[in-house]
Amino acid sequence: MPVATNLPGRPEKEPEDEVPQEVLAVGPLRTVDPRSFILMGLFLPLMLAFFLSFLLRPPLRALKRAHIPEAAGAALLLLVLVGGVGLGLYSLATPATEWIAKVPESVTRVQRKLRTLRSPMEQMSRTADQVERTIAGDSTTAPVAAVKSPSWIKQALFGGTTAFVSEAVVVIVLLYFLLASGDLFLRKLIKVLPTFTDKKRAVEIAREVEHNISTYLFTVTLINVGVGVAVGVGVWLLRMPNPVLWGVLACVLTYIPYLGAVVGIGTLGLAALLVFDDLGRALAVAAVYLVVSFLEGNFVTPMVLGRRLTLNPVVIFVGLLFWFFLWGIPGALLAVPTLAVFKIVCDHVDTLAPIGEFFGPADDV
């Protein structure tokens with residue numbers, strides 16, 4: 001005689017957590033959107049290689065004046081670039097991993113240290129909860145949710161290592177061909193233009209645009225390196241461990257306007273709370289980043305770049321949102337250089353000059 005499994009009044013056993021296969025899929029099982037693959041796998045490495053080629057064009061010309069062929073000079077520059085970046089990543093990998101490993105175990109410590117700042121708000125919240133339970137006639141205390149270990153942090157930072165390496169290889173190969181080809185595309189353009197006046201105008205525009213873009217990228221990189229050095233020295237004076245790591249982080253995040261400084265200050269402030277028992281000293285570490293970022297954004301960059309190469313803050317913010325939505329963090333890093341390059345090109349093409357004027361700062365009006 002069969003036994004009924006679903007008795008009256010007894011709920012049917014819920015199936016265990018059924019997670020869609022698309023969520024659990026990792027690696028080869030992951031569904032790939034062709035549009036996302038084209039944007040991330042093709043256009044992003046192409047734009048990175050494009051910007052790096054402009055940044056490395058001046059030293060490549062210097063090597064060419066020293067009678068070093070462009071192909072050999074490009075290989076030498078890439079060897080120095082890849083070697084320097086690889087050495088830097090290798091030296092910073094250990095301290096970065098150590099800081100990331102401390103995050104799950106340090107959540108309680110950070111909350112305890114911040115309790116002195118938020119105790120008035122917590123008292124108000126507890127009072128409001130008690131009043132609400134009294135009105136509802138419920139005297140039980142709501143259970144406290146357990147804090148789960150944020151293991152997603154490591155996955156977010158290191159989960160895409162394979163994709164990062166493959167895209168880095170594509171960028172290096174594209175960058176080599178862009179540098180080694182020299183003025184190939186300009187010569188092709190001159191060849192197809194009909195008149196000598198058009199050819200001369202094309203050469204002038206190409207040289208001036210290339211010079212302005214190279215100057216902009218090189219200057220911004222120097223400013224960001226200066227920010228990293230200032231932050232690193234400042235936190236070192238405050239006895240913060242791994243000052244080089246925080247300096248490099250500040251240098252990279254400075255490429256992202258507005259949001260980069262917020263993320264950097266928050267990250268450095270939380271790290272300082274884990275190191276120092278004195279809350280004032282921890283806040284001083286974050287204040288160093290805040291002061292350096294304020295001086296860079298309001299005085300150093302506008303003064304060094306000048307009005308001609310600066311952008312409208314509204315355009316920067318909209319462009320940052322657009323590129324971040326399109327490519328994520330890499331898009332945020334490329335947002336301002338992309339807008340600056342577009343403005344420089346518009347300023348040198350008569351039909352696009354109104355767009356370049358619109359992208360400019362308010363002082364130009």
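Helices α7 and α8 are roughly antiparallel to each other in this predicted model, because their packing angle is about 150° and angles over 145 degrees count as roughly antiparallel. The model is predicted, so side-chain atom pairs count only at pLDDT 80 or more.

**Helix α7 against helix α8**

- Helix α7 covers residues 196-237 and helix α8 covers residues 243-253, and their axes lie 7 Å apart.
- In handedness, the crossing of α7 past α8 is right-handed.
- On the α7 side, the contact is made by Asn224, Val225, Val227, Gly228, Val231, Gly232, Val235 and Trp236.
- On the α8 side, Pro243, Trp246, Gly247, Ala250 and Cys251 take part.
- Sorted by class, this contact has nine nonpolar and four polar residues, with no charged residues.

**Helix α6 against helix α7**

- Helix α7 also packs with helix α6, residues 184-192, where the axes come within 9 Å and cross at roughly 155°.
- Angles over 145 degrees count as roughly antiparallel, and α6 and α7 are therefore roughly antiparallel to each other.
- The crossing of α6 past α7 is right-handed.
- From α6, the residues in contact are Leu186, Leu189, Ile190 and Lys191.
- From α7, they are Lys199, Ala202, Val203, Ala206 and Arg207.
- Here the classes come to six nonpolar, no polar and three charged residues.

**Helix α11 against helix α12**

- Helix α11, residues 313-327, packs with α12 at an angle of about 140°, and the axes are 7 Å apart.
- That angle makes α11 oblique to α12.
- Again in terms of handedness, α11 and α12 cross in a right-handed way.
- The α11 side of the contact consists of Val315, Ile316, Gly319, Leu320, Trp323, Phe324 and Trp327.
- The α12 side consists of Ile329, Pro330, Gly331, Ala332, Leu334, Ala335, Val336, Thr338 and Leu339.
- By class, this contact has 13 nonpolar and three polar residues, and no charged residues.

- Threonine 338 sits in helix α12, which spans residues 329-347.
- Its relative accessible area is 14%, and under 20% means buried, so threonine 338 is buried.
- Leaving aside residues up to four places away in sequence, threonine 338 touches Met47, Phe51 and Trp323.
- Trp323 is also among the α11 residues in the contact with α12.
- Glycine 319 is 19 residues from threonine 338 along the chain, and their C-alpha atoms are separated by 8.9 Å.

- Serine 53 belongs to helix α2, and so does arginine 57, with the helix running over residues 34-65.
- With a relative accessibility of 3%, serine 53 counts as buried.
- Arginine 57 counts as buried too, at 11% relative accessibility.
- Beyond residues up to four places away in sequence, serine 53 touches Leu175, Leu178 and Leu179.
- Under that same exclusion, arginine 57 touches Leu178, Leu179, Gly182, Glu210 and Ser214.

**Asparagine 212 in helix α7**

- Asparagine 212 is placed in helix α7.
- At 6% relative accessibility, asparagine 212 counts as buried.
- Isoleucine 344 is 132 residues from asparagine 212 in sequence, yet 7.1 Å away in space, taken from C-alpha to C-alpha.

**The protein as a whole**

- The secondary structure comes to 13 helices and zero strands.
- Read from the N terminus, the elements run α-α-α-α-α-α-α-α-α-α-α-α-α.
- The protein has 365 residues, and 30% of them count as buried.
- Among contacts between residues at least 6 apart in sequence, 73% join residues at least 24 apart.
- The accessible surface is about 24000 Å², and carbon and sulfur atoms account for 70% of this area.

Terms used
Residues are numbered from 1 along each chain as its sequence is written. Side-chain values use heavy atoms; hydrogens and water are left out. Axes are lines fitted to C-alpha atoms, for helices over the stretch in contact, and angles run from 0 to 180 degrees between N-to-C directions. Helices (H or I, at least four residues) and strands (E, at least two) are DSSP runs, numbered from the N terminus. Angles under 35 degrees count as roughly parallel, over 145 as roughly antiparallel, 65 to 115 as roughly perpendicular and the rest as oblique. A crossing is left-handed if the near helix is turned anticlockwise from the far one by less than a right angle, and right-handed if clockwise. Contact means heavy atoms within 4.5 Å. Ala, Val, Leu, Ile, Met, Phe, Trp, Tyr, Cys and Pro count as nonpolar, Asp, Glu, Lys and Arg as charged, and the others, Gly among them, as polar. Buried means under 20% relative accessible area, exposed over 50%, partly exposed in between (1.4 Å probe, protein chains only). Accessible areas come from the Shrake-Rupley method with a 1.4 Å probe; for residues, only the protein chains shown count as cover.
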